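Have the viewer open and follow along.

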Amino acid sequence: MLAAMVAGAATAVWPPLARANAGPFFAAARRNPDGRYSAAIFSTDGKDVTSVVLPGRGHDVAVCPVSRRCVAFARRPGNFAVVFSADRAEEPIVFTTPDDRHFYGHGVFSPDGRLLYTTENDFEAARGVIGVYDATARFGRIGEFASHGIGPHDLAFLSNPNVLVIANGGLREHPDIGRGRRVLNLDAIETSLVYVDVASGALLEKHVIPAGGSLSLRHLEVGSNDTVVLGAQIVKGVPDGKPLTEGLIYRHRRQQSLAATPLPSDASAALSGYVSSVAVDSEGAVAAATSSKGGAVVMLDVATGKVLRVATMADVSGIARHGHPGDFLLTSGTGAIADVVAAEGRITALGEAACNWDNHAVLLGV
Amino acid sequence: MRAWAPLIYAGAILSIALGGDSTLAADGKTAFDHARLSQQSLDGYIRPGYQRFAKATKALDGAISAHCDRFESGGRRKIEVAFDAVVTAWGRIEFVTFGPVTVEQRLERIMFWPDRRGIGARQVATALRDRSPDVLDADRLSKKSVAMQGLPALETILFGSAPGKKTSDEASQFRCGFAKAIAVNLANMAQSIEKDWSTPDGFAQSWLTPGHDNPNFIKPSETTLAIAKAFDQGLEKVRDQRLAGPLGLTAQQRKIAPALGKSGRSMRLIAANIAGLRELYVQGGMEQALIDANTDDRENATALAKLVSKELATAGQTAVELMSVKTPFQGPSAQRIIALGFPLKNARTTAAGLLDAVTDLPMGFNASDGD
């Protein structure tokens, strides 16, 4: 997603942000102290530029690379999305999936900003789809295509604006069962990474971690040379499941086979079987993965996979590229906002907001 | 986890550790004995709960066989008594959402609810009409839709037809066979779950020995987290779904059909749910663990910890009193059901606050319920 943003930014004229706060600005979903949910654009000291109330708990925010409009998505099994922008030029737009679909919490704009692609569950048929919404017409849904797997979660564009990369989590879930979050195929989880041609929906490449495992590929970012960095989660309760610390970070380039990036034991222990979010830095050269369960951040070299640093921060989850190479912004469920630089591995507190920051954070612009 | 929100936030401490080598311990938190709680919950709640469920389902199988195969006198009445016992036994252990009950979709196969579109009743009716041979065999039935092989399906078969409606002998025999297959299917699942929790190399071993080579629990606190979540989400389900759903008081303001309402057993199940949550809390060791861990202000912690069990007892008493009402969600009893929500909510928020104060659980907003 960020790679696409950077690609689009080169030619875009961005509207000024409507506040005097010093940038850079970020966007994220959160829970307010009164228990209600919202999404916000905020500065690193924790002050809001703008915020919008959400009908339920949100997850990720997609940013239009051209207009910088933001779309906050419901987390699974929610079905709403809310469009808002920093300059409040228009009323927020709320749109939903069809009744027989729900969001998985992620979406990405096409590099030209005209279309929005979202990961969705066709839950009666137990198959994943990518919903296509028209950003030029109040986000009307104009179609969908198969995600070529079950439970598509995160997605991003490669540098080629026709190729979408999708992580299919492989978990079968239904909104009527266990609040939409119980895994119904524990004995047959098949997670996959796919590349799809967005013009036709045709499958270009599919890499599968075979059924019978306990791994679920979830979040991804595209780094330099179109290297896709993936964060996985171990699904608990799988019969004869593997230990919880195996293969949590993957790096992949097209035409290559899919293999886990080996991690030293301190890094794999810090991730506690669970990667919450991944990001790549401004150069696409350093990747970082957070684990809210482990309260940790693992930073690694995108090209070699070498782990650079492991740092800890309570309930950390949101991570976004920050201004400089190797520099990341972190947000926590405690409300804390911090910065970490891979070269030093030192976490610096920047601010604290009176909220619980949700799973993801994204850089909006300077 | 919504109700935990303000409490967790209020108690949250900005704990950013520098250099990546340590995590700050939160002030006022005393070492919590996770190993003791996992052992106590196993001995005091989980194992006895599944033993009761296994015994009750076996007895139900026996009662249906006695009635259908041997035409023993008073057979129908005995089936109803046995069915009640299964409902009660299941209700008491229903909120264990970890371990053997989560594999092979057992939770849904035992109790598919809410069934918003009435799928179960439709599928049962179709199988009865078509005399589908698959539903007469427990093994084959176990591979069919989850909505037609558990308690709600059995309820439809036993209590679904209009009273006084005559059916042919052949149809009755088929109903009997279907009911028997469900009972055997339930008994098979109950036995497997009980066995997996009781054998030395079964799930209990994983439960009692967290570690890096353990596929289910790395840190000792993770079993405590599993218990805390089962308790919290159980209370949420009883209050916000089982009670509020049929009253139309859900967020969507859409009515959900009561669980086991066709047979007038909704309140039996709910009473068992509340009793089970109280057992998990008291006999399962949560109450004592919360008291023991709070050395700073033991008196206050003890009062609060005991308040949780008292509130559950109050709610449980009301639920038991409403068990004889056939349609509890209508008429004057509906008001009593609304009132029942208050002690449940108080129990939930009080327990959440205590857990946050004395445990080192990863109860954070993201860590406790990620995506």
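This is a predicted model: local features need pLDDT of at least 70, side-chain atom pairs count only at pLDDT 80 or more; totals for chains, interfaces and linings use all residues.

For the complex, the predictor reports an ipTM of 0.73 and a pTM of 0.75.

Chain A has an average pLDDT of 90, and 92% of its residues score at least 70.

Which elements of chain B sit at the two ends of the confidence range? Helix H1 (residues 5–11) of chain B has the lowest mean pLDDT, at 30, while helix H11 (residues 266–281) of chain B has the highest, at 98. Residues 1–29 of chain B have pLDDT below 50, and the model gives this stretch 70 contacts beyond near neighbours in sequence.

## Two open sheets in chain A

One sheet in chain A is open and has four strands, ordered E4-E5-E6-E7, with antiparallel pairing. Its edges are strand E4 (58–63) and strand E7 (93–96) of chain A, each of which pairs on one side only. From one strand to the next, the twist averages 20°. Zooming in, E4(A) and strand E5 (residues 70–74) of chain A run antiparallel and are joined by four bridges. Ala62(A) has Val71(A) in E5(A) as its bridge partner.

Strand E14 (residues 189–197) of chain A pairs with E15(A) over seven bridges, in the antiparallel sense. Ile189(A) is found opposite Gly213(A) in E15(A).

As background, most peptide bonds are trans, and most residues other than glycine have a negative phi. A few spots here are worth a look.

Arg76(A) and Pro77(A) are joined by a cis peptide bond with omega at about 0°. Pro77(A) sits in the loop between E5 and strand E6 (80–84) of chain A. In chain B, the bond from Trp113(B) to Pro114(B) is also cis, with omega near 0°. Where is Pro114(B) found? Pro114(B) is in the loop between helix H4 (106–110) and helix H5 (119–130) of chain B.

Then there's Asn225(A), a residue other than glycine with a positive phi, near 55°. Asn225(A) lies in the loop linking strand E16 (215–222) and strand E17 (228–234) of chain A.

## Cavities

How many cavities of 30 Å³ or more turn up? The count is three. The second largest cavity has a volume of about 50 Å³.

Who lines that second largest cavity? The lining is Arg76(A), Tyr104(A), Gly151(A), His153(A), Gly169(A), Leu171(A), Glu173(A), Ser216(A) and Arg218(A). By class, that makes two nonpolar, four polar and three charged residues. Arg76(A), one of the lining residues, also takes part in the cis peptide bond with Pro77(A).

Conventions: Residues are numbered from 1 along each chain as its sequence is written. Chains are lettered from A and ligands numbered from 1 in the order in which they are written. Side-chain values use heavy atoms; hydrogens and water are left out. On a 1 Å grid over the protein atoms alone, a cavity is a set of points where a 1.4 Å probe fits but cannot get out, and a pocket is an open set with protein on both sides within 12 Å along at least five of seven lines; lining residues have an atom within 4 Å of a point. Grid points are joined across faces, edges and corners, and a volume is the space filled by probe spheres set on the points. Ala, Val, Leu, Ile, Met, Phe, Trp, Tyr, Cys and Pro count as nonpolar, Asp, Glu, Lys and Arg as charged, and the others, Gly among them, as polar. Two strands pair if DSSP finds at least two bridges between them. Axes are lines fitted to C-alpha atoms, for helices over the stretch in contact, and angles run from 0 to 180 degrees between N-to-C directions. pLDDT is the predictor's confidence in each residue, from 0 to 100. Contact means heavy atoms within 4.5 Å.
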